[in-house]
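I opened the notebook to go through this structure.

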Amino acid sequence: MASQTGAIVQQSLHALMGDPAFLPQLRGELREQSFQSLAAILSTPNKVHKAFLRIALGGGNVVRIPAFRIQHNDALGPYKGGIRFHETVNEDEVTNLAALMTLKNALHEVPFGGGKGGVVINPRSYSEKELYLICKKYVQYFSDVLGPDKDIPAPDMGTGEREMDWMMAEYKNINPGSPYLGSFTGKSIVSGGSLGRREATGKGVYFTFRYMLHDFLKEHSGSLSGSDNPFAKTALSYAGKPMSVAVQGFGNVGSVAALEAYKCSALRNRVVAVSDRNVTLYNEEGLDIPALLAFAAANKGDLPTSPETLEEIGLKARVLGREDVLYLGVDVLFLAALEDQIRADNVAEVKARIIVEGANAPITGEADAALAESGTIIIPDILANAGGVIVSYFEWLQGRETQFYTEEEIYKLLFAKMQKTMNGILPAYFGDPLPLRQNCYVHAVMKLSSVLYRQGKLY
Ligand code: NAD
């Protein structure tokens, strides 16, 4: 488990061990041993599967592509987590992301464990046929460990509905006669996917922000005013005020979060900047997000990169460097691209007072501590970007029943689930000086520890 996730899990266990009200049945030496067992279980994956996928490329060359499926913990249900296609994928990264899935599902009471997959490729360098072969081979190599009641992958960076449809079809070929709709989530609607799944993560990311800074704050502003809590002070300083927003990443998560922010009538936001792998676009008056979405849809997901293109399509924005999005003088920054974007070496340049993690682990441990110290509100990945896995759970349920919900029903269920989690966390967050990430981890670790204890896994 990478350092930040592992360190916060250990801190959470330490705090819980010192709390006599938590698992009071465990006393003295038994308590110590049980918490050591918990630390060992949560800091290591149950199983690491690695393969080299043999692919015959279009030109005739045969290559061997490294691929992973890492199953972290299944105490709460079948392993669940995305498959990432990216050239920087490696075992440590996938292991850390799998652990994060275990914690995320525990936090939101989704009855799944944590897993993650990865293939070390830049998908843009392969033809559609080659990608199809890679997806088929992935399922063939890992077929023994995947399945609706064992381990259910979903899309992640570099994969989407197309890849999930291909993978589910291969799972069906390998397992004739077995139920297959629940083997992969994030599928297209025609292949048994759920309405709203594609937008779920981005919508959930925006919902956590809106709920905390608007609905919850409105309801609790009386009890919070005058509070010494640094995060409550930051939140209250924005109460009722329009906020400027920047979004890093304009893919599945970032583009949907940007559109939600643009459309939100409860908060009068101005989305002043969006960015992707090439550029940052900035307009102090606010960007035309629907027009940028239409451009990206027609241009392989990329934003316009030159003033000439912007002029051609009638969009007003300044073209800045890719990293500039992080350092703008905005109120809110959504991070929806990659890991490790805010680090010890650049944290001092970040001006946003509210940061929402759409991506997994976009802030390193040192930067996280520095931001918390200054009262910056960070809505962490484990809380903010769970919309995808929550709607994946609804997709899995729908696949079992072959009964499908409407889009409206899906969003209602999604927001209700996220709101329930937040209502369990926010009073403690605004009540004591522990950052939100730590609060979320304590909740998740409590849930996992109780289940592991009840299932006799601690001795
Ligand atoms: P995506 O591939 O659809 O989009 C990624 C975006 O990031 C693109 O706009 C890309 O141009 C941009 N980008 C790539 N490299 C960049 C760089 N160096 N600097 C700035 N921008 C860069 O991916 P996604 O599905 O939107 O996922 C984004 C993040 O959210 C990932 O960390 C992923 O693990 C996490 N996440 C995704 C989901 C989901 O349901 N898709 C769920 C939970 C978490």
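I looked up the ligand and alanine 337 to begin with. A polar backbone atom of alanine 337 is 3.4 Å from an oxygen atom of the ligand. I note that this is a predicted model, and the distances here are read from its coordinates.

I turned to arginine 277. One of its backbone N or O atoms lies 3.0 Å from an oxygen atom of the ligand.

Then I checked arginine 84. Here a polar side-chain atom lies 2.7 Å from an oxygen atom of the ligand.

Which residues come nearest to the ligand? I found 22 residues around the ligand, and the nearest are Arg84, Thr201, Phe250, Asn252 and Val253.

Next I looked up the domains. The protein chain is divided into domain 1, residues 47-181, and domain 2, residues 198-379. Their centres, taken over C-alpha atoms, are 29 Å apart. Domain 1 gives eleven residues to the contact, and domain 2 gives eight residues.

How much area is buried between domain 1 and domain 2? I read about 650 Å², with carbon and sulfur atoms giving 41% of that area. On the side of domain 1, Arg124, Met157 and Glu161 lose the most area to domain 2. Together these three make up 51% of what that side buries.

I then searched the interface for polar and charged pairs. Four residue pairs are in polar contact across the interface of domain 1 and domain 2. Helix H3, residues 91-107, supplies four residues, the largest share of the side of domain 1 that touches domain 2. By class, I listed that side as three nonpolar, one polar and seven charged residues.

How many salt bridges are there between domain 1 and domain 2? The count is two.

I came back to arginine 84 for its charged partner. Arginine 84 forms a salt bridge with glutamate 339, and the closest N and O atoms are 2.8 Å apart.

Last, I searched the whole structure and found 21 salt bridges. I looked up the pair of aspartate 156 and lysine 116, whose closest N and O atoms are 3.1 Å apart.

Key: Residues numbered from 1 in each chain as written. Predicted model: local features only at pLDDT ≥ 70, side-chain atom pairs only at ≥ 80, totals over all residues. Heavy atoms only, no water. Domains from an automatic or database assignment. Contact = heavy atoms within 4.5 Å. Buried area = accessible area lost by both parts, 1.4 Å probe. Salt bridge = Lys/Arg side-chain N within 4 Å of Asp/Glu carboxyl O. Polar contact = N/O pair within 3.5 Å; in protein donor to acceptor, adjacent residues only side chain to side chain. Helix = DSSP H or I, 4+ residues; strand = E, 2+ residues; numbered from the N terminus. Nonpolar A, V, L, I, M, F, W, Y, C, P; charged D, E, K, R; others polar. Near = heavy atom within 4 Å.
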